[in-house]
2 protein chains.
Amino acid sequence: MSETAAKEGPAREAEKEETGPGHIRQRNRTLILTAAEEIFAEQGYRGATTAAIAERAGLPKANVHYYFGTKEALYRAVLDDILTLWLGELDRLTEDSDPADALADYIRAKIVHSRERPLASRVYANEMIRGAKHTRDFLKQDLKSLVKTKSRVLESWVAQGKMEPVDPVHLFSIIWAATQHYADFEVQVSALVGRRQMTAKDYDEAAETIVRMVLRGCGLNYGKG
Amino acid sequence: MSETAAKEGPAREAEKEETGPGHIRQRNRTLILTAAEEIFAEQGYRGATTAAIAERAGLPKANVHYYFGTKEALYRAVLDDILTLWLGELDRLTEDSDPADALADYIRAKIVHSRERPLASRVYANEMIRGAKHTRDFLKQDLKSLVKTKSRVLESWVAQGKMEPVDPVHLFSIIWAATQHYADFEVQVSALVGRRQMTAKDYDEAAETIVRMVLRGCGLNYGKG
DNA sequence: GCAAAACCTGACCAGTTGGTCAAAATTATT
DNA sequence: AATAATTTTGACCAACTGGTCAGGTTTTGC
């Protein structure tokens with residue numbers, strides 16, 4: 001994508017008072033990006049107003065436009081942050097790792113993400129639902145080639161006799177759908193488990209259920225299976 | 001919910017020219033509801049404008065307000081339609097049916113839904129992502145009690161030794177997530193399979209992959225499993 | 001055929017929106 | 001200390017938004 005994500009500040013002590021050139025820009029951009037992620041997740045693209053984002057960030061509206069220009073540029077920057085966060089996630093799937101361990105680890109990591117950064121997941125889900133107008137290139141290039149790479153890993157696992165053949169696109173789709181569901185549809189799942197908020201145990205049980213279905217679906221052992 | 005869904009017109013021949021009292025109301029409400037589902041799915045609640053809905057329906061904006069009053073009432077009517085459509089969906093899960101057959105049928109039916117009415121799914125997904133402000137009661141009452149009823153069916157299957165125990169809430173969550181993903185994230189899946197639009201075969205393969213994982217995850221037979 | 005009910009709609013309105021700008025305040029550089 | 005660069009912000013604007021309404025047209029019931 002285009003905009004650069006929030007970078008680390010100067011590697012100083014963990015002191016509040018940062019100094020040096022650009023530290024104001026750094027702080028305010030982060031404030032705005034965080035606020036924007038919240039508002040975009042809660043209200044959708046069109047529903048989010050720059051005024052609401054500014055208020056949540058504790059800055060005047062004109063300041064938001066000073067740093068990001070337009071609402072659309074800010075939205076792209078938020079998406080950039082999310083995609084950067086998600087991109088390296090598939091690293092644990094390698095040819096010589098154990099399929100069951102690798103897939104289970106990946107699923108559990110994705111569930112942790114759903115618990116810890118549900119807002120990011122919701123912004124992304126919103127973007128997909130509305131047709132991925134700002135993410136077309138990412139999907140057709142970065143994500144597609146990443147999936148292609150990882151498909152070869154799956155094929156090698158199959159060739160090594162480690163697992164049954166499974167269509168990789170559908171496998172990833174199911175894993176992503178199931179794990180992100182706990183972020184995007186949190187309100188529905190919460191209602192069904194009868195709690196105002198899901199507990200850590202709820203998320204763990206969700207992860208184990210998904211792991212169980214995926215592993216057995218791939219002809220791998222899980223529990224009694 | 002409150003508003004009534006689109007009802008069947010008088011059971012006449014399949015003629016275009018309907019007559020009789022209320023036929024105008026019937027026709028225009030359907031036109032507006034269909035247009036509204038499209039616009040709400042594409043733009044989200046806030047992004048959808050009554051003007052855009054009216055234009056898509058081929059009617060002046062004031063006409064939309066004549067039939068539905070407010071944008072919010074129209075949105076609730078659209079949601080009503082969707083929920084009514086989805087409510088009777090779980091009927092095939094009964095105590096004396098075969099778990100493998102019943103679950104497989106249900107998953108395949110849900111995938112058909114994702115293919116044939118993706119817009120409805122997207123409106124619902126959007127509503128969940130944004131916190132289900134208009135659907136709280138449905139979630140906590142109708143859906144929760146329905147899931148509770150169906151949980152007893154699952155428990156009876158387990159008691160009959162037909163399948164392994166599985167947490168019903170997570171099982172349904174995974175099924176819904178995986179199947180609806182093909183409607184909500186259609187643009188992403190399309191990009192990954194490398195087609196502008198998914199084919200019927202793509203949907204069938206998706207369904208079979210989900211069925212395979214769910215059945216084996218429940219300790220049921222599927223293919224070589 | 002006629003009155004009542006239902007339907008239609010252009011014109012209008014008050015509130016909101018993303019975005020601009022110029023002048024002031026602060027921070028960085030020399 | 002002086003100058004340059006960056007940051008801050010209230011005031012402003014044109015476009016758009018959901019919603020209203022009065023007066024007209026069509027459909028319905030009898």
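Chain B and chain A bury about 5,100 Å² between them, with 65% of that on carbon and sulfur atoms; buried area is the accessible area (1.4 Å probe) that two parts lose on being put together, summed over both. This is a predicted model, in which local features need pLDDT of at least 70, side-chain atom pairs count only at pLDDT 80 or more, and totals for chains, interfaces and linings use all residues. Residues are numbered from 1 along each chain as its sequence is written, chains are lettered from A and ligands numbered from 1 in the order in which they are written, and side-chain values use heavy atoms, with hydrogens and water left out.

- The contact (heavy atoms within 4.5 Å) draws 59 residues from chain B and 59 residues from chain A.
- On the chain B side, Ile129(B), Leu192(B) and Met213(B) lose the most area to chain A, together 15% of what that side buries.

**Chain A: fold and domains**

- Chain A has ten helices and zero strands, where helices (H or I, at least four residues) and strands (E, at least two) are DSSP runs numbered from the N terminus.
- The C-alpha trace of chain A spans about 60 × 40 × 40 Å along its principal axes.
- Chain A is divided into domain 1 (3-69) and domain 2 (78-217), with bounds from an automatic or database domain assignment.
- The C-alpha centres of domain 1 and domain 2 of chain A lie 28 Å apart.
- Twelve residues from domain 1 of chain A and eleven residues from domain 2 of chain A make the contact.
- About 970 Å² is buried between domain 1 and domain 2 of chain A, and carbon and sulfur atoms give 61% of it.
- In domain 1 of chain A, Glu37(A), Ala41(A) and Tyr45(A) lose the most area to domain 2, together 51% of what that side buries.

**Helices 8 and 9 of chain B**

- Helix 8 (residues 168-184) and helix 9 (residues 186-193) of chain B pack at about 85°, with their axes 5 Å apart; axes are lines fitted to C-alpha atoms, for helices over the stretch in contact, and angles run from 0 to 180 degrees between N-to-C directions.
- Helix 8 of chain B is therefore roughly perpendicular (65 to 115 degrees) to helix 9 of chain B.
- His181(B), Tyr182(B), Ala183(B) and Asp184(B) in helix 8 meet Glu186(B), Gln188(B) and Val189(B) in helix 9.

Methods: Parallel < 35°, antiparallel > 145°, perpendicular 65-115°, else oblique.
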